[in-house]
Amino acid sequence: IDPAELIKKAAEELKKNELAKKPLWANFVKTSTARERPPVDGDWWYLRAASILRKLYILDRPIGTNKLRNFYGGRKNRGHKPERFYTGSGKIIRTILQQLEKAELINPVKEGIHKGRRISSKGKKFLDGLTKDGK
């Protein structure tokens with residue numbers, strides 16, 4: 001299945017089943033310091049949550065907030081100065097991870113030096129169910 005379709009379907013399901021809830025402050029924040037304005041799409045919170053869930057499914061290893069901040073960062077236009085990479089918002093990613101953990105779609109992992117979160121069997125079933133519906 002196309003990743004964009006899967007993320008869109010997962011976002012709709014997350015919103016419909018209230019597995020991830022958009023906080024009030026989410027209407028006013030930028031997703032990274034590299035961005036100039038907040039997202040225009042009203043459902044961007046659910047799309048980001050679905051994207052994070054898919055990322056955890058694909059990698060299938062413990063992933064922390066810092067790695068995801070690097071993934072959701074971007075290059076900032078600094079005028080005459082050269083562009084520079086800036087990481088994504090940690091608060092947004094952390095809050096989404098906490099919501100997905102509360103919905104039991106991901107599990108916290110603390111295995112020695114490996115810390116972060118990994119997708120649970122319930123999360124795998126959730127995404128696999130969305131791919132089978134499309135066929």
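**Serine 89 and its setting**

Modeller: The side chain of serine 89 reaches the backbone nitrogen of isoleucine 92 at 3.5 Å, where a polar contact is a pair of N or O atoms within 3.5 Å, of which, within protein, one must be able to donate a hydrogen and the other to accept it, and residues adjacent in sequence count only if both atoms are side-chain atoms. This is a predicted model, in which local features need pLDDT of at least 70 and side-chain atom pairs count only at pLDDT 80 or more, while totals for chains, interfaces and linings use all residues. Residues are numbered from 1 along each chain as its sequence is written, and side-chain values use heavy atoms, with hydrogens and water left out.

Serine 89 lies in the loop between strand S2 (84–86) and helix H4 (90–102); helices (H or I, at least four residues) and strands (E, at least two) are DSSP runs numbered from the N terminus. Serine 89 counts as buried because its relative accessibility is 18%, buried meaning under 20% relative accessible area, exposed over 50% and partly exposed in between, with a 1.4 Å probe and protein chains only. Leaving aside residues up to four places away in sequence, serine 89 touches Lys30, Thr31, Ser32 and Arg69, contact meaning heavy atoms within 4.5 Å.

Elsewhere, lysine 67, found in helix H3 (residues 65–71), counts as exposed because its relative accessibility is 56%. Between lysine 67 and glycine 116 there are 9.6 Å in space, C-alpha to C-alpha, although the two are 49 residues apart in sequence.
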